[in-house]
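Please look through the structure below with its side-chain contacts in mind, beginning with a charge and a ring and moving on to oppositely charged partners.

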Amino acid sequence: MSAISQQKQLLRQTHLAARNALEDRPRRSKRIWERLMEAEFLARAETILCYVSARSEVETHPLLVDLLVQGKRLVAPYCIDDERLGLFQLTKLAELESGRFGILEPRIELRESRKISPSAIDLAILPGAVFDLRGNRIGYGKGYFDRLLAELSPEAIRCGLGFECQITAEVPTEPHDRPLDLLISEDRLCRYSPTD
């Protein structure tokens with residue numbers, strides 16, 4: 001394991017422990033969705049990729065419902081194999097079932113008929129373990145979202161959702177890491193590149 005990988009692993013463990021211990025996650029998550037739903041870049045986006053929350057992540061299930069009610073073309077990720085994510089057009093939460101890592105994913109029998117190309121995404125709403133003040137993120141160590149981000153259109157907006165306890169001044173980066181355009185926490189919206 002490289003020195004950078006070791007640093008990332010330590011940061012990941014520390015910040016995930018803080019996130020797991022965080023009290024009042026539903027209220028904090030709600031503040032994050034409200035900030036997101038008020039954003040002009042979300043109003044303009046037509047095709048939105050949003051992670052389906054698991055464990056102690058910023059909860060997204062109510063956000064998914066809100067986006068569907070708004071008539072957005074909502075896209076949910078799923079694991080194809082140990083390296084790649086597929087993208088699926090979600091029309092209701094009932095289309096999800098427990099998949100790899102215990103995360104809700106589109107039901108297998110529905111995936112082929114509603115596949116979405118990464119190039120169609122206008123806005124990608126992403127999870128993470130650690131975020132810094134320069135737009136960098138540390139995921140969970142598998143690189144799924146970094147590989148997917150590399151396939152998005154350069155015009156697509158990349159937005160992370162995280163709690164304040166997940167933000168640090170700086171995280172080490174590697175060539176395959178893809179920075180965010182924005183980060184939304186319960187206390188702030190950080191812009192790293194123009195989005196409006």
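The charged end of R147 sits over the ring of Y144, 6.0 Å from its centre, where the rule asks for NZ of Lys or CZ of Arg within 6 Å of the ring centre and within 35 degrees of the ring normal. This is a predicted model, in which local features need pLDDT of at least 70 and side-chain atom pairs count only at pLDDT 80 or more, while totals for chains, interfaces and linings use all residues. Residues are numbered from 1 along each chain as its sequence is written, and side-chain values use heavy atoms, with hydrogens and water left out.

Y144 is buried, at 9% relative accessible area (buried is under 20%, exposed over 50%, partly exposed in between, with a 1.4 Å probe and protein chains only). Y144 also belongs to the one aromatic pair found in the whole structure, an edge-to-face arrangement with F101 at 6.2 Å centre to centre and 70 degrees between the planes; rings of Phe, Tyr and Trp (its six-membered ring) pair if their centres lie within 6.5 Å, with planes under 30 degrees apart counted as stacked, over 60 as edge-to-face and the rest as tilted. F101, by contrast, is partly exposed at 43%.

Salt bridges, defined by a side-chain nitrogen of Lys or Arg within 4 Å of a carboxyl oxygen of Asp or Glu, come to 17. Among them, R31 pairs with D187, with 2.8 Å between the closest N and O atoms, and both R31, at 31%, and D187, at 47%, are partly exposed. E109 bridges to R107 at 2.9 Å; E109 is exposed at 56%, whereas R107 is partly exposed at 25%.
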